[in-house]
Structures are given as C-alpha cells and as structure tokens.
Amino acid sequence: MIDGVKIKNLKVIPDERGWLMEILRCDDDIYQEFGQVYLTTAYPGVVKAWHLHKKQTDNFTCVHGMMKVALYDSREDSPTYGEINEFFIGDRNPMLISVPPLVYHGFKSVGDETAFFVSVPTLAFNYDEPDEYRLDPDTDEIPYDWILDENKKHG
C-alpha cells in the first residue's frame with residue numbers, strides 16, 4: 001500500500017425499505033477535516049486521470065457501478081515512491097479510499113453502466129487558485145496503462 005493511503009471497507013445495512021451505507025464519519029480513523037462533498041460520473045470505459053493535490057486529502061468511493069482506481073506515489077521522499085496501487089470499488093466492493101497530498105490518482109468506469117463517484121476532500125475547491133495538478137492518462141511519467149479506448153474522451 002502506498003504510504004499514507006488508507007482504505008475503509010464500507011458496510012451496507014439493508015432492510016425492507018432499502019439500504020444505507022455510511023461512507024465517512026467524523027469519528028473514523030480515516031477522517032481529517034471537511035472541505036466539501038461532490039459527485040462526479042464516468043461513462044463506461046472512460047478514464048478520468050491523472051491528478052493530484054498539494055494540500056488536500058481526497059476521500060472517495062463509487063456508489064453506483066464499478067470503477068478501477070489507480071494511485072501513483074510521486075513523492076520522492078516517500079518510502080513507497082514510484083509505487084502504484086490499483087483497486088476495484090463500487091457496487092460489488094464498497095470501499096472508501098483516502099489519498100494523501102502528492103499522490104496521483106484517477107479512475108476508469110468498468111462495466112456497461114455509468115459509474116457514480118462521491119468525493120469528500122479535506123478542502124473546498126478554490127476557484128481562484130485550484131489545488132489541482134494534472135497529467136494526461138497516457139503520460140510517460142507514470143508507468144501505468146489504462147488501456148484507453150481511442151473512441152472516447154479521457155482526461
């Protein structure tokens with residue numbers, strides 16, 4: 001596991017009305033602080049990668065569909081510098097992933113339906129000075145192959 005990355009297996013609590021799944025609680029070991037909550041989606045086979053933050057920690061899960069999540073440790077002073085982690089999260093494997101600053105991350109919707117991704121970063125998005133740094137999904141700087149579909153928009 002990349003140094004500083006944490007995961008939390010999520011528990012689904014069903015009853016005759018439906019189900020509930022707690023994602024992040026303020027009394028979780030994984031919790032740091034609250035910035036905002038947002039939802040994003042990815043169409044089947046689409047990759048949203050790579051990006052990192054210098055200040056914030058990202059906490060995210062896939063609440064509908066399935067996603068392949070990849071992380072790359074770009075921190076030269078880290079004991080796991082250059083390592084890659086890969087997770088499959090979503091309906092079939094509910095999990096929260098906490099990604100520390102300076103670790104690149106991205107995801108790909110796998111399967112034949114749109115995947116819904118919920119993120120709870122530690123900082124609110126700053127429109128004037130975004131804490132977001134991007135690389136193309138097929139960059140040579142990260143030794144990872146997303147197996148991009150050339151007929152789809154990625155990034």
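The structure is a predicted model, where local features need pLDDT of at least 70, side-chain atom pairs count only at pLDDT 80 or more, and totals for chains, interfaces and linings use all residues. Residues are numbered from 1 along each chain as its sequence is written, and side-chain values use heavy atoms, with hydrogens and water left out.

**The sheet**

- Five strands make up an open sheet in the order β1-β9-β6-β11-β4, and their pairing is antiparallel.
- The edges belong to β1 (6–9) and β4 (38–42), which have a single partner strand each, so one side of each is left without a neighbour in the sheet.
- On average, neighbouring strands of this sheet are turned by 25° against each other, direction ignored. For angles like this, axes are lines fitted to C-alpha atoms, and angles run from 0 to 180 degrees between N-to-C directions.
- Zoom in on β6 (residues 58–64) and β11 (residues 115–119): they pair in the antiparallel sense over four bridges. In one of these strands, β11, V118 is the bridge partner of T61.
- A quick word on terms: strands are DSSP runs (E, at least two residues) numbered from the N terminus, and two of them pair if DSSP finds at least two bridges between them.

- W50 itself sits in strand β5 (residues 47–52).
- L102 isn't a glycine, yet its phi is positive, near 70°. You'll find L102 in the loop between β9 (95–99) and β10 (103–110).
- Is L102 buried, exposed or partly exposed? Its relative accessible area is 35%, so L102 is partly exposed; buried means under 20%, exposed over 50%, and partly exposed in between (1.4 Å probe, protein chains only).
- I147 is another non-glycine with a positive phi, about 55°, and its place is in the segment after β12 (133–134). With 60% relative accessibility, I147 counts as exposed.

**A buried histidine**

- H154 also lies in the segment after β12, but this residue counts as buried, at 18% relative accessibility.
- The side chain of H154 makes polar contacts (N or O atoms within 3.5 Å; within protein, one must be able to donate a hydrogen and the other to accept it, and residues adjacent in sequence count only if both atoms are side-chain atoms). It reaches the backbone nitrogen of V47 at 3.0 Å, and one of its polar atoms lies 2.9 Å from the backbone oxygen of D149.
- Leaving aside residues up to four places away in sequence, H154 touches G45, V46, V47, P137, L148 and D149, where contact means heavy atoms within 4.5 Å.
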